[in-house]
Every structure is written in structure tokens, then in C-alpha cells.
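Grab a pencil and get ready for some practice in reading a protein model. Have a look at what is shown here before you start.

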Amino acid sequence: MIGGGPGRELSSPPSDGISNLRFSNHSDHLLVSSWDTKVRLYDASANILKGEFAHRKPVLDCCFHDDSSGFSASADRNVCRFDFNTGREDLLGTHEAPVRCVEYSHATGQVVSGSWDKTVCAWDARGGTRVGTYPQPERVYSMSLVGHRLVVATAGRHITVYDLRHMPHPEQHRESSLKYQTRCVRCYPNGTGYALSSVEGRVAMEFFDMSDAGQAKKYAFKCHRKSEAGRDTVYPVNAIAFHPVYGTFATGGCDGFVNVWDGNNKKRLYQYSKYPSSIAALSFSRDGRLLAVASSYTFEEGQKPHEPDAIYVRSVNEAEVKPKPKAYAPAP
């Protein structure tokens, strides 16, 4: 099914590329990081910019701590904590190269950062002390947390799976089942595995269970492609976001489309009308009623004129995200 307008455009958007956006677990607050060096906090329902903090260089990722504070990862090599209520900003720590990813674990109270210096670092969220440094096979491109489990995707198609309680000893070292560079990894909300997207218009559905039965469930599929006059155009898949209620998921690509998928039944449920630019990031609100979409050129074709960077917040209809029951043939 195809349709639906883009949603409501947030006022006071970033002035350069949007690197990530995330909804709060407590409200419709939306945290946004950008190449314009700023982290912004919006009330997505009221369409209000509530505050912003600035780094010295582009901000490559952000995540919430609580409803009014969060963490940022920047090309200035710093991991920072900022509180929008008090205006206070604290330096948690520094990497040796730009910091690409940051995650906060509610389960352990730790902040985890991943850098192009080929390390993952864990930090105490309150004290700002470094808990540990964990070497990676390559530069960190994407990370995702579910419960105590952390999945790290790096250059060279490497995947490392950790238990946050035993970080010095990774649970699994894996290789992406996709042939091309990893763009995004996101864990399933039920904690059984993760979805992985690549620059070559594919998504892989993977499972942590390494038994034959567990691995038999994994699969990959093509998406964000266009066929014209017998020629295929393939687009990077930049973003994956899981619906918190139904476990279905949305993908966003450089084709400007957002698709919603039912992973269990291997079906596309919905495709939203095309956005003005590449989809750089996606996030569902805590109850799944809203979907935030970053329409922001990701420079996949180099420097060129492009539409302004924008954030759209759309109301999600149940029909767009709820799995459809399988049609069973009646018994003879």
C-alpha cells in the first residue's frame, strides 16, 4: 500500500545534514544531531524547539539519558552529556578520532560510544569516568542496544556482539551476510536478533541464536531500488526503526522513500509518499503513534544542490504498521 502525506514539518530545523534523531522513552520529546555542530531538543507534538547545545565540529549521533538530558558523539572526538533544563554540559570523555555512535544503557547506567579510532568505550553516565576501552576490527559505523546486549557494526562488514555485563569478552564475532558496506544496525525489540542494512539496497534479518534452528530463520531482502528501462538503480538504506508495539519496522533510503515491513511474514506493509531528499534517520515514538523522518541529503552523490534539510513528524495509522494475519487455506 502506498500513500500518506509527509507529515508535519518541524520548525527551526538543523541547517546542515541530520545525522540522527530519537524519540524519548517518556514523552514526545525528539533529540536531533546534525552536521551543523548542534544537538537540538524538540517537543514533536507541540512543534517547539526547546533547546540546543553546540560542539566545535559536526555531531554524528545522540541519545537520551532521561526526558530532558542526553548524550552526543561528535567529530570533535568528544562524548558529552547535556541537560536542557539546567543548561549544563559535561565532557564524559574523548576518543582518538571522530565519535560516530553513542548509546545509553538503562540496564547498566553506562554510556557506550563507538569511534573511527576503531574502539568502543564504556563510560559511567553520572561520574564521567571511563569504564573500559574495547578494540574493534575496524572503524565503528553503527551500534544498537537491547537489554544487556550491544551490537557493533564496523567497516569491513564486521559485527561484534557484547553482553554489557561482560564487555572484555565479546559473545560473538560475525561477518555481515550482505556483500557491501554496512549502513545501519538495529536490534529487534524482543532481543532475539538484529536488522542490518547496506549501501546496496538490502536488509538482512539476523538472529543471536547460533544453533542450526536459530540460523535457519535468518534471511535478507532487496529494497529501495528502482527499475527503469531494464536498468536497476540501487540506493543505500540509511535507517531502520522498529515499531515498539508491533515489532514491524520502517526503513529509509537515499531514494527518499520510507517503507514499513512485517519481518515475520516477509511482507511490505506500506510505503509512504516520497520525501524531498534522502532519508537520513527514522524514529518511532514510545507508543508508536508518531514517526519522525529526517529528510536530509547524505552526500551519496557528492556535493550538489539539494532540498533543505527537514524533519517531518507523521501520525502513524495502525493499518500501516500492524502485521496482517496470515491467510490459511481451509483444511480439505
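Below are two exercises, each with a worked solution.

This is a predicted model, where local features need pLDDT of at least 70, side-chain atom pairs count only at pLDDT 80 or more, and totals for chains, interfaces and linings use all residues. Residues are numbered from 1 along each chain as its sequence is written, and side-chain values use heavy atoms, leaving out hydrogens and water.

**Exercise 1.** Work out how the rings of Phe53 and Phe84 are arranged.

Step 1: Know the rule. Rings of Phe, Tyr and Trp (its six-membered ring) pair if their centres lie within 6.5 Å; planes under 30 degrees apart are stacked, over 60 edge-to-face, and the rest tilted.

Step 2: Apply it. Phe53 and Phe84 have centres 5.1 Å apart and planes at 70°, so the pair is edge-to-face.

Step 3: Check the burial (buried means under 20% relative accessible area, exposed over 50%, partly exposed in between, with a 1.4 Å probe and protein chains only). Phe53 comes out buried at 10%, and Phe84 is buried too, at 14%.

**Exercise 2.** Find out how strand S4 (residues 29-34) is enclosed.

Step 1: Count. In S4, 6 of the 6 residues are buried, so the strand is largely enclosed by the rest of the structure. Strands here are DSSP runs (E, at least two residues), numbered from the N terminus.

Step 2: Look at the partners (two strands pair if DSSP finds at least two bridges between them). S3 (residues 18-23) runs antiparallel to S4, with 5 bridges, and S5 (residues 38-43) also pairs with S4 in the antiparallel sense over 5 bridges.

Step 3: Zoom in on Val32. This residue stands opposite Leu21 and also opposite Arg40 in S5.

Notes:
Helix = DSSP H or I, 4+ residues; strand = E, 2+ residues; numbered from the N terminus.
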